[in-house]
Amino acid sequence: MTNQVVSLIRSDRAETWQEILSDLITDPQELLRLLKLDAATSPYSLDALAQFPLKAPRPFVERIEKGNWHDPLLRQIWPSRFEETQAAGFVADPLHEEEFNPVPGLLHKYQGRVLLTAAPHCAIHCRYCFRRHFDYRANSPSRAQWEEAFAYIANDSSIEEVILSGGDPLAISDSQFHWLLQQLANIEALTTVRIHTRLPIVIPQRISNELVRCLSETRLRLVMVVHCNHRQELDSAVTNGFGILGDIGVTMLNQAVLLKDVNDSAETLIDLNKALFQHNVLPYYLHMPDQVAGTEHFYVTDQHAIELIKTLHASLPGYLVPRLVRENPGERGKTRIA
Ligand code: SF4
């Protein structure tokens, strides 16, 4: 690693990402206390909690405005009673991912690339998550099963890119991540690893010295798609992390999910994309929310989404307008809507 890279690494952290990860807020009463809110005004759902527990890292919660039930970050993590609504068309596995699961931990949906569910968990539970019902236990490969996944990739020379997804692929330890990247680098036909992660947003301390070292040493081209839905998620710790990753040559992109009462206004999306660009992150996808059971209250219609994109095109240079997409069950790629 060059001296330049060493000098980019932060040295002033009080708490490590592992400590933060082992001290997540999981009790809604604690969250209410911290945010000075009363559950009587917006009760939580015990059913929703049992099915998909509350998980919120403290650095993320610190960015939520106290006393504000309408805060866009709070809405993303609060297990509200709306999750009990059984809406027609909203199902557990809307993308039929199980059909593309040839070996544990590997999804082969796309031409030329495969997706590895590198971690069986996330640092945060986003209530709109399309994998909230996913069977991570069945998709948490042992080392032997990882070998099977690597063999599958190595036997298909058309596969040039591996997408690390999850759960959150950065939720695994530095040593596991390093091992995974080394195994992938040993596969000759692979050129690129794309990391889809929300961790640099919700726990910016995840951009640790060890991770930076490991990312700067691989021969593979690295793309990181962070997952940020609202400008309020970006504080100086997060944007410093973007700077470090950019400086070691990681291509930085953002994927947002279009969510009702979180970011479904042109003003909010313009603000987000401008702020990301200021920190060298380009908007990539704006995803229509998937029709997952328990998430109807986040749903935005196609018509509204298309109107938003038209306004973005009128207000921003083309490179700051994300592609509006959705995943349709049975289709190998994303479908572009506008
Ligand atoms: S971080 Fe991503 S995979 Fe994890 S709960 Fe949130 S949306 Fe789902």
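Helices (H or I, at least four residues) and strands (E, at least two) are DSSP runs, numbered from the N terminus.

**Figure 1. Overview of the predicted protein chain.** The protein chain holds 13 helices and nine strands. Its C-alpha atoms fill a box of roughly 55 × 45 × 45 Å along the principal axes. Among contacts with a separation of 6 or more, 83% join residues 24 or more positions apart.

**Figure 2. Confidence along the protein chain, and the stretch 1–13.** The average pLDDT is 90, and 91% of the residues score at least 70. Over residues 1–13 the pLDDT is below 50. Beyond near neighbours in sequence, this stretch has 13 contacts in the model. Where pLDDT is low, the predicted coordinates should not be read in detail.

**Figure 3. Parallel pairing of strands E4, E5 and E6.** E4 spans residues 192–197 and E5 spans residues 221–226. Six bridges join E4 and E5 in the parallel sense. Val193 stands opposite Leu222 of E5. On to E6, residues 251–257: four bridges tie this strand to E5, and the two run parallel. Here Val223 has Thr251 of E6 as its bridge partner. In a regular strand the side chains alternate between the two faces of the sheet.

**Figure 4. The β-α-β unit built from E5, helix H11 and E6.** Helix H11 covers residues 236–247. Together with E5 and E6, H11 makes a right-handed unit. The two strands of the unit are also bridge partners, with four bridges between E5 and E6.

**Figure 5. The largest nonpolar core, with a close-up of Ile124.** This core has 78 residues. Val114, Leu116, Ile124 and Val162 have the most contacts inside it. Residues up to four places away in sequence are left out of the contact list for Ile124. On that basis, Ile124 touches Lys55, Ala56, Pro57, Phe60, Ile77, Arg198 and Val202. In soluble globular proteins, nonpolar side chains tend to be buried together.

Figure 6. Ala189 lies in the loop between helix H8 (174–185) and E4. Glu160 is 29 residues from Ala189 along the chain, yet their C-alpha atoms are separated by 5.7 Å. Ala189 counts as partly exposed because it has 14 C-beta neighbours inside 10 Å.

**Figure 7. Positive phi at Lys36.** Lys36 is not a glycine, but its phi is near 55°. The residue is found in the loop between helix H3 (28–35) and helix H4 (46–51). Is Lys36 buried or exposed? With 10 C-beta neighbours inside 10 Å, Lys36 counts as exposed, because the cut-off for that class is 12 or fewer.

**Figure 8. Positive phi at Asp261.** Asp261 also is a residue other than glycine, with a positive phi of about 65°. Its place is in the loop between E6 and helix H12 (266–278). Asp261 has 12 C-beta neighbours inside 10 Å, so it counts as exposed.

Conventions:
Residues are numbered from 1 along each chain as its sequence is written. This is a predicted model: local features need pLDDT of at least 70, side-chain atom pairs count only at pLDDT 80 or more; totals for chains, interfaces and linings use all residues. Two strands pair if DSSP finds at least two bridges between them. A crossover is right-handed if, with the strands pointing away from the viewer, the path from the first strand over the helix to the second runs clockwise. A nonpolar core is a set of buried Ala, Val, Leu, Ile, Met, Phe, Trp, Tyr and Cys residues joined through C-beta atoms within 7 Å. A residue is buried if 20 or more other C-beta atoms lie within 10 Å of its own, exposed if 12 or fewer, and partly exposed in between; C-beta atoms are placed from the backbone. Two residues are in contact if their C-beta atoms, placed from the backbone, lie within 7 Å. pLDDT is the predictor's confidence in each residue, from 0 to 100.
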